[in-house]
Amino acid sequence: MTNTASRAWSALTAHHQKLGKKHLRDLFADDPGRAASLSLSFEDILYDFSKQRLTPETFDLLFKLAETSSLAAGIQRMFNGERINVSEGRSVLHVALRHSSAPFPSAQMDVMPDVLSTRKRMAEFAEHLRAGQGQGHHGAAIRDVVNIGIGGSDLGPKMVNQALRAIAHPALGVHYVSNLDGAQMAPLLQTLDPRSTLFIVVSKTFTTQETMLNATTARNWLTANLGDEVNLEHHFATVSSKPERAAAFGISPERVFPIWDWVGGRYSLWSAVGLSLMIAIGPHAFDELLRGAERMDEHFRTAPLARNLPVVMGLIGIWNTNFLGAASNAVLPYNESLKYLPSFLQQLEMESNGKSVGVTGGPVGSETCPIVWGELGNNGQHAFFQLLHQGGRLIPCDFIASARSDYPLPGHQEALLSNCFAQSSALAFGKSEDEVRESLEKELVPAQQIAELLPHRVFAGNQPSSTLLLKSLTPATLGALVALYEHKVFVQGAIWGINSFDQWGVELGKAVASRILPAFADPSLAAAFDSSTQALLAYCRKQS
Ligand code: F6P
């Protein structure tokens, strides 16, 4: 549970009362060196958190809280391979997936031989396809790869694939199907040639309903289109920890890539779950992605708390959630290639820390994960930013941008970045009544109209944000960025005293769905459900 009875927590509560609603305008006026002192950099990432509503003293107190919560020891326990995922009795070793030397985590429990041999097999498979040597029907070269998976078996590779599309193989199409809704799979199949299509079924458990149904539909589509001569083994590969289930589905053992129980789905893009990504960007770029993440891992493991990016980022979130009372956190990328980052981070953060029961089974005793949401920043400006500016809710924001563009069109990048910087500035500093009056007077607006307009035109400001500015969107920088967020989640889980690596909360809905499904075919089964579910089923029956 969260150590809310600790002196560190009480000191933060008192500090919050003292700091009160002190405005960012005043915090900046008080300290001209604020931007320099409240920012950190790691390789090609600049992390500016000077627009957060805190002071250096806040950090001193937050570091004490981290010490009280044994954060440093917790980090070492993860890197040592201890079974910190207690409710599932598992180690948490996604960091091994980007580690480059053996043994790791220890000579007694060295997972590196499996990791490295799998990465080698992935690279051979990917190179083969990229060279046009992957054979589909009657020797046709594979031209399209479809990743069938959901959650962690979809969001990570899809997000990075989109982020790095500027370096993707020009002739291979890589697609992602996750949804049970046929509206995703059916239109995609219309664009594909079954002779030259490979499906990669990505499912750690090889039981996930969405993935199994989409894989079965893919198999039926191949058989329907290629007839008796179809060799399904040429059209399927899989990533799973259950090879026997993949074999029963008809996937050849040479095309089964393993994943291990010490990798959580939402932390798995670095494993064979990233096979579709490696096919798109090539083994070399995939390796750079891993190296970027590995360097962030090393930074997280060794840097002192005050210069440790994931620690600082995690503690800022604790301050915003537990002391300022923010219920959500917006992720706003100013880079079209990062359009799937908000949904990736939603799973990473909310599936990890969206819990109210602590590691030992008791109530956590404090708020935990905020609601993570977001959208491409520039588009969001013309949609929901109104609420950020004048809705009156406290919503901390992460602005994420790259200084250089992969698609430089004249005038675009500067305009994009100026909007990004303008938004964080406007959110922080707002526009006071005096400033609004002055500008309306300059526009020669009559006094009566000024009085009427004034309340509508005032911006309270004091909305906290951080800006993550990347030099450019390279595989290494992106690897470091994703690892940064992964470790931030770890830091917050440690402070809240929760297990960030299980996800029991997703089970109930799955079980109920499997009970409802037969009621579509057999209406007599509907009587077992509540009246709302019965009515919904009855409505659907009338439409069919
Ligand atoms: O339902 C949630 C979840 O278990 C996620 O944690 C996971 O990433 C996803 O489903 C997919 O699971 P699998 O890889 O076993 O199909």
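This is a predicted model: local features need pLDDT of at least 70, side-chain atom pairs count only at pLDDT 80 or more; totals for chains, interfaces and linings use all residues.
**Entry 1: the five-stranded sheet**

I began with the strand order. Five strands form an open sheet, and they run β4-β3-β5-β6-β7 with parallel pairing. I then looked for the edges. They are β4 (173–177) and β7 (256–258), each of which pairs on one side only. From one strand to the next, the twist averages 20 degrees. As a reminder to myself, strands of a sheet pair through backbone hydrogen bonds, either parallel or antiparallel.

**Entry 2: strand β5 and its neighbours**

Next I followed β5 (residues 197–202). On one side I looked at β3 (residues 144–148), which runs parallel to β5 and is joined to it by five bridges. Within that pairing, Ile148 has Val201 of β5 as its bridge partner. I then turned to β6 (residues 236–240), which is parallel to β5 and joined to it by four bridges. I traced how the chain gets from β5 to β6: it passes through helix α9 (residues 209–226), in a β-α-β crossover that is right-handed.

Are the residues of β5 buried or exposed? I found six of six buried, so the strand is mostly covered, taking buried as under 20% relative accessible area. I checked the two faces separately. Thr197, Phe199 and Val201 are buried on one side, and Leu198, Ile200 and Val202 are buried on the other. Both faces of β5 are therefore covered, by the under 20% cut-off for buried.

**Entry 3**

Three bridges hold β6 and β7 together in the parallel sense. In this pair I noted Ser240, which stands opposite Pro258 of β7.

**Entry 3: strands β8 and β9**

I looked up another strand pair. Strand β8 (residues 328–334) is parallel to strand β9 (residues 371–374), with four bridges in the pairing. One residue I picked out was Asn329, whose bridge partner in β9 is Val372. With helix α14 (residues 341–353), the two strands β8 and β9 make a right-handed β-α-β unit.

**Entry 4: two helix pairs**

I noted the general rule before starting: two packed helices are described by the angle between their axes and the distance between the axes.

I recorded the crossing of α1 and α4 as left-handed.

For the second pair I took helix α13 (residues 309–323) and helix α20 (residues 475–496). The axes of these two come within 8 Å, at a crossing angle of roughly 50 degrees. This makes α13 oblique to α20. The crossing of α13 past α20 is right-handed.

**Entry 5: salt bridges**

How many salt bridges does a search of the whole structure find? I wrote down 21. Side chains of opposite charge can pair when their charged atoms come close. I went through some cases.

Glu43 and Arg295 meet through their side chains in a salt bridge, at 2.7 Å from N to O. This pair links distant parts of the chain, 252 residues apart: Glu43 sits in the loop between β1 (39–42) and β2 (45–48), while Arg295 belongs to helix α12 (residues 283–302). I looked up the accessibility of both. Glu43 is partly exposed at 47% relative accessible area, and Arg295 is partly exposed at 37%.

Glu124 and Lys120 also meet in a salt bridge, at 3.5 Å from N to O. I located both in helix α6 (residues 112–130), four residues apart, which is about one turn of the helix. Lys120 has a relative accessible area of 57% and is exposed. Glu124, at 47%, counts as partly exposed, because the cut-off for exposed is over 50%.

Arg90 forms a salt bridge with Glu88, where the closest N and O atoms are 3.6 Å apart. Arg90 is partly exposed, with 25% relative accessibility. Glu88 is partly exposed as well, with a relative accessible area of 23%.

Last, I noted a network of salt bridges that links Arg98, Asp297 and Glu486.

Key
Residues are numbered from 1 along each chain as its sequence is written. Side-chain values use heavy atoms; hydrogens and water are left out. A salt bridge is a side-chain nitrogen of Lys or Arg within 4 Å of a carboxyl oxygen of Asp or Glu. Buried means under 20% relative accessible area, exposed over 50%, partly exposed in between (1.4 Å probe, protein chains only). Two strands pair if DSSP finds at least two bridges between them. A crossover is right-handed if, with the strands pointing away from the viewer, the path from the first strand over the helix to the second runs clockwise. Axes are lines fitted to C-alpha atoms, for helices over the stretch in contact, and angles run from 0 to 180 degrees between N-to-C directions. Angles under 35 degrees count as roughly parallel, over 145 as roughly antiparallel, 65 to 115 as roughly perpendicular and the rest as oblique. A crossing is left-handed if the near helix is turned anticlockwise from the far one by less than a right angle, and right-handed if clockwise.
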